[in-house]
Amino acid sequence: LSGLLDREALRQLPSAERVRWHDAAVFDLRQRRDEGVARVPDFEALREQAAAIKAHTLDHLGTYLERFEERAQAAGAVVHWAQDAAAHNRIVLALLQERDACRVVKSKSMLTEECGLNPHLEANGIEIVDTDLGERIVQLGHEPPSHIMVPAIHRTREEIGELFHREMGTPEGETDPKRLTGHARADLRGRFLAADAGITGANFLLAESGSLVVVTNEGNADLGMTLPPLHIASVGIEKLIPGLDDLPVFARLLARSATGQAISAYTSIVTGPRPGGELHVVLVDNGRTRLLADPTHRSALHCIRCGACLNTCPVYRRAGGYSYSGPVPGPIGSVLAPAMIGDPAARELPHASSLCGSCTAVCPVKIDLHGQLLAWRRELRSPSRTWQVGVRAAGFVLRHPRAYRLAARAARLLWPLLGREGRANPASPWLQSRELPEHPGPSFRARQRARADERT
Amino acid sequence: VRVALFVPCFVDQLAPAVAEATWTVLERAGCTVSYDPDQTCCGQPLLTVGAGEEAARVAEAQLARFEGAEAVVCPSASCVATVRHRYPELDVAVSGPQAQTRGRVFELCEFLASELEQVELGARFPHRVALLESCHGLRDLGLGRASELGPGDATGPGPVERLLRAVDGLELARPERDECCGFGGAFSVRYPEVSTRMGVDRLDALARTGAEYVTGTDTSCLLHLDGLRRRGSRGPRSLHVAEILAARD
């Protein structure tokens, strides 16, 4: 991971036409969200309630985690703790190997993306099949998801038809989404039936009953956790909520914020293993306690991965998910990245935003996303000597009127040079597509002074 | 009302006409205007690149210029949003007289329409004008209602729109979407490719309204759009809202 919003990728952005198409496809989700949200009489109250539940749970996370562990184990599940991605992958692999499980089906889980589980299992000879349609598409194309809710949003139906033809032998030229989905479903059914284990994430954990709540639109998680004898759920520790009474608040927010649906097609509550089966829950930290300990950034752990901040983000819609180097793109990804991938890898991401604040306005759990991006910029300041000297000098100029006027005079003299593209010109990135403002003549202050002189 | 003029650094240097128009409009609204020539900058340029400590010191110096003012009025929503919402995050003007000064800093349109409750200023501008709702005005200051918030309660149009609707001869147009123009300060030079795509999309939407001019509360956004237009992108010319409110044929 380079840690940069990938400038090369940006320069090689496909045609303007494709960027427009991607922008429109993602903005359509934003608009569906708007419509869904408008149907809730007091959406704002719901957001506040959700944020309060999350804040409360995080304030008492230790207590709730222990309660969850105790109740889940009482219900027959086995709870594992993983400090980081490597520990998570080790635990999952060991569970599979101990049972000679070599065919695994997995439903959508951003956490396993974050941990790099698929490549780890594949390197150890285990076949892992993603069963969410979008995830299946990117898996067949050997790509990571480009969106946390809609993993293949960057692919056109023509491209998917071609991919399915190549990888699954479907008829050439098939582009009808319904038929393509039918082919994927037929292929997946056999894999569900043959699987030795099913891996899922969980959208929520209920502490009071030790239950998992798994939400999908396709029902693929339900097949994955009921057909094979072994169910492994990989879950971040921030997914906890106190109990069942809190769930409706989030059930109403999640699908609406993601796609505008009133509720997702499947919301399954799993308490303990299925009869004759095994349930293992792997609780993962992987940087989350770093955020928990940080009062400025703790609320980033409220996130329910709805994707609303991506859909409304004008930068994400144009740059696309692959421009972000972390496992999660968009505003929330940049806010989580310092904890997930660490500094300095994450240092650049908070700068990849115009700070328009629309992400903050849509967030169903009230994370001050643009405020946090700004806070990360301050906290992860560049250690480069040039940068340090530069901002100190700029600070001096901007708080001393005489230095400010001197600098302004110098810039006026250099104005014709600033308008010429060149490596030495700091204005060059601006000039790639824009003219400098016309030479402004005397400053406002100078004009006022001249006027005062005239009067005297 | 005695008003101290807060002239953002880039307006001082690159768009002095905007500050002059602001002065004119405030006087027409019955204010006594003063200007401290030793003011510099709110600190936002440093804040957005991550230089928090340096920004805090600039912020303190700037706020000290306005100590004791009855009202401080600034023709830039972005600078006012910095003062109002970001200074406390920098531990600047959290309490005491500094906080009082901070609480008296207003964006021009909100000051006229909401504080003075005066929207009729005798302006005449017989043109079709599209409104660019800059993000910091729209979301941080609440000068309008962002589309993602839905229709909400019937609070009516925001201060900018009310002022423009009172301008004689002006035909107001709204572009599709109310999204960011892509300026974003340092963002515009750090990620010129994305910034440009955002700007061109905004200009396109503005052009589709058939407006001759685009106006808004922020010279920064308008300079970015005008820079694109002058390089050959189709779209209306930029004019700050103060210049329209000051216009009389």
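Modeller: The answer begins with the conventions and the setting, and then turns to the side chains themselves.

This is a predicted model, in which local features need pLDDT of at least 70 and side-chain atom pairs count only at pLDDT 80 or more, whereas totals for chains, interfaces and linings use all residues. Residues are numbered from 1 along each chain as its sequence is written, chains are lettered from A and ligands numbered from 1 in the order in which they are written, and side-chain values use heavy atoms, with hydrogens and water left out.

Chain A has 22 helices and 10 strands; these are DSSP runs numbered from the N terminus, with at least four residues (H or I) for a helix and at least two (E) for a strand. Of the 456 residues in chain A, 58% are buried. Buried means under 20% relative accessible area, exposed means over 50%, and partly exposed lies in between (1.4 Å probe, protein chains only). Among contacts in chain A between residues at least 6 apart in sequence, 73% join residues at least 24 apart, a contact being heavy atoms within 4.5 Å.

The charged side chains come next. A salt bridge is a side-chain nitrogen of Lys or Arg within 4 Å of a carboxyl oxygen of Asp or Glu, and over all chains the count is 53 salt bridges. One of them is formed by Arg288(A) and Glu238(A), with an N to O distance of 2.7 Å. This pair links distant parts of the chain, since Arg288(A) is in helix H13 of chain A and Glu238(A), 50 residues apart from it, is in the loop between strand S7 (230-236) and strand S8 (240-241) of chain A. Arg288(A) and Glu238(A) are both buried.

Another salt bridge brings Glu53(B) and Arg381(A) together, with 4.0 Å between the closest N and O atoms. Glu53(B) belongs to helix H4 (residues 52-64) of chain B and Arg381(A) to the loop between helix H18 (369-379) and helix H19 (385-399) of chain A, so this pair joins two chains. Glu53(B) is exposed because its relative accessible area is 57%, whereas Arg381(A) counts as buried at 18%.

Within chain B, Arg128(B) and Glu171(B) meet in a salt bridge of 2.7 Å, N to O. Arg128(B) lies in strand S5 (residues 128-131) and Glu171(B) in strand S6 (residues 171-173) of chain B, so the pair ties together parts that are 43 residues apart in sequence. Arg128(B) is partly exposed at 26% relative accessibility, and Glu171(B) is partly exposed at 43%.

Salt bridges also form a network, which links Asp23(A), Arg317(A), Arg318(A), Arg177(B), Glu179(B) and Asp201(B).

The aromatic side chains follow. A pair of aromatic rings is described by the distance of the centres and the angle of the planes. Rings of Phe, Tyr and Trp (its six-membered ring) pair if their centres lie within 6.5 Å; planes under 30 degrees apart count as stacked, over 60 as edge-to-face and the rest as tilted. By this rule there are 9 aromatic pairs over all chains. In one of them, Phe444(A) and Trp23(B) have ring centres 6.4 Å apart and planes at 50°, so the pair is tilted. Phe444(A) is in helix H22 (residues 444-455) of chain A and Trp23(B) in helix H2 (residues 16-28) of chain B, so this pair also joins two chains. Phe444(A) is buried, with a relative accessible area of 0%, and Trp23(B) is buried at 18%. Ring pairs link these two residues and Tyr35(B) into a cluster.

Charge and ring also come together in chain A. A charge sits over a ring if NZ of Lys or CZ of Arg is within 6 Å of the ring centre and within 35 degrees of the ring normal. The charged end of Arg434(A) sits over the ring of Trp430(A), 4.3 Å from the ring centre. Likewise, the charged end of Lys54(A) sits over the ring of Phe250(A), at 5.7 Å from its centre.

Glu161(B) counts as buried because its relative accessibility is 11%. Not counting residues up to four places away in sequence, Glu161(B) touches Leu172(B) and Arg174(B).
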